[in-house]
Amino acid sequence: METIQDQNLKPMSVKDWVITLLIMAIPLVGFIMLFVYAFGSNENINKQNWAKAQLLVAAIVLGFVLLLFMIFGAFFASNFAGMQQY
């Protein structure tokens, strides 16, 4: 048990990061693996923190995009509501 704990605290090698980034490049699998990396108990602490940061940034970007869609949607809806053909 102690060796697993020590292994989770070691810095990740370049090979580990390359494998992680290749997995992230797979469209749906990468997103699911972010949750596995972020909340898995047997993952390296560096990978856990990186995955949590990626999920946080993705949530912020998604919120910003949804806000922009609502603003521009309201703008276009109000403009098209005033355009009536006679």
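Begin by selecting helix α3, residues 27-39, together with helix α4, residues 45-81; in this predicted model the two helices pack at an angle of about 130°, and their axes are 7 Å apart. That angle makes α3 oblique to α4, and the crossing of the two helices is left-handed.

To see what forms this contact, show the side chains of Phe31, Leu34, Phe35, Tyr37, Ala38 and Phe39 on α3, and then those of Lys47, Gln48, Trp50, Ala51, Lys52, Gln54 and Leu55 on α4. If you colour the residues of this contact by class, you will find 9 nonpolar, 2 polar and 2 charged residues.

Next, keep α4 selected and follow the helix from one end to the other: α4 has 37 residues and reaches 53 Å from its first C-alpha to its last, which is close to the 54 Å expected at 1.5 Å a residue. Which residues of α4 are buried? They are Lys47, Gln48, Trp50, Ala51 and Leu55, and these buried residues pack against α2, residues 14-24, and against α3.

The axes of α2 and α4 come within 12 Å and cross at roughly 30°, an angle that makes α2 roughly parallel to α4, and the crossing here is right-handed. On the α2 side, select Trp17, Thr20, Leu21 and Met24, which meet Asn46, Lys47 and Trp50 in α4; the residues of this contact divide into 4 nonpolar, 2 polar and 1 charged.

From here, centre the view on Tyr37, which lies in helix α3. Is Tyr37 buried or exposed? Its relative accessible area is 4%, so Tyr37 is buried. Leaving aside residues up to four places away in sequence, Tyr37 touches Thr20, Ile23, Met24, Glu43, Lys47, Gln48, Trp50 and Ala51.

Asn8 counts as buried because its relative accessibility is 10%, and the cut-off for buried is under 20%. To see what surrounds Asn8, display Ser41, Asn42, Glu43, Asn44 and Ile45, all of which Asn8 touches when residues up to four places away in sequence are not counted.

How values were computed: Residues numbered from 1 in each chain as written. Predicted model: local features only at pLDDT ≥ 70, side-chain atom pairs only at ≥ 80, totals over all residues. Heavy atoms only, no water. Axes fitted to C-alpha atoms, helices over the stretch in contact; angles between N-to-C directions. Helix = DSSP H or I, 4+ residues; strand = E, 2+ residues; numbered from the N terminus. Parallel < 35°, antiparallel > 145°, perpendicular 65-115°, else oblique. Left-handed = near helix turned anticlockwise from the far one by under 90°. Contact = heavy atoms within 4.5 Å. Nonpolar A, V, L, I, M, F, W, Y, C, P; charged D, E, K, R; others polar. Expected span 1.5 Å × (residues − 1). Buried < 20%, exposed > 50% of the residue type's maximum accessible area, 1.4 Å probe, protein only.
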